[in-house]
Amino acid sequence: MNRGNTRCKKCGKEIRFIRTTAGKSMPCDSGFIYYKEELEGKDRIVLPNGQVVVGTIVNGPELADGFGFISHFATCEFSQAFRRKKKKCAN
Ligand SMILES: [Zn+2]
């Protein structure tokens with residue numbers, strides 16, 4: 001078994017579990033993202049240390065406050081039923 005190489009049971013994408021400061025294991029996308037901390041941001045970012053912050057994902061480090069991981073539930077294509085978001089082909 002490959003340690004730290006987990007896949008989403010639904011979409012098969014590679015994910016990682018990060019233990020939050022609340023003690024929960026949160027499934028996150030394996031790639032990290034840059035974020036800007038914003039009280040009214042719509043994204044939740046899990047920091048590598050397990051802290052969860054609210055903010056907005058940004059494209060690059062210039063505008064970012066830091067980096068972290070985003071909950072896989074937010075991006076899993078099988079969760080799209082909950083959120084109506086435009087599908088984008090980012091490859
Ligand atoms: Zn998935």
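Two aromatic pairs turn up in this predicted model, where rings of Phe, Tyr and Trp (its six-membered ring) pair if their centres lie within 6.5 Å, with planes under 30 degrees apart called stacked, over 60 edge-to-face and the rest tilted. Phe32 and Tyr34 sit with ring centres 5.7 Å apart and planes at 90 degrees, so this pair is edge-to-face. Phe32 also pairs with Phe67, this time tilted, at 4.8 Å centre to centre and 50 degrees between the planes.

As for accessibility, Phe32 is partly exposed at 44%, as are Phe67 at 41% and Tyr34 at 25% (buried is under 20% relative accessible area, exposed over 50%, partly exposed in between; 1.4 Å probe, protein chains only).

Then there is the zinc ion, held by Cys8 (SG), Cys11 (SG), His72 (NE2) and Cys76 (SG) at 2.0 to 2.4 Å. Donors here are N, O and S atoms within 2.8 Å of the metal (3.2 Å for Na, K and Ca), and water is not among the atoms, so sites may look incomplete. Angles among the four donor atoms run from 101 to 122 degrees, making the site tetrahedral (four donors, all angles between 85 and 135 degrees). Cys8, in the loop between β1 (6-7) and β2 (14-19), and Cys76, in the segment after α1 (72-75), tie together parts 68 residues apart in sequence. Cys8 is buried at 12%, and Cys76 is buried at 3%.

Numbering starts from 1 along each chain as its sequence is written, and side-chain values use heavy atoms, leaving out hydrogens and water. Because the model is predicted, local features need pLDDT of at least 70 and side-chain atom pairs count only at pLDDT 80 or more, while totals for chains, interfaces and linings use all residues.

Note on methods: Four donors count as tetrahedral if all angles lie between 85 and 135 degrees; four count as square planar and six as octahedral if opposite donors are over 155 degrees apart and all others between 65 and 115; anything else is irregular. Helices (H or I, at least four residues) and strands (E, at least two) are DSSP runs, numbered from the N terminus.
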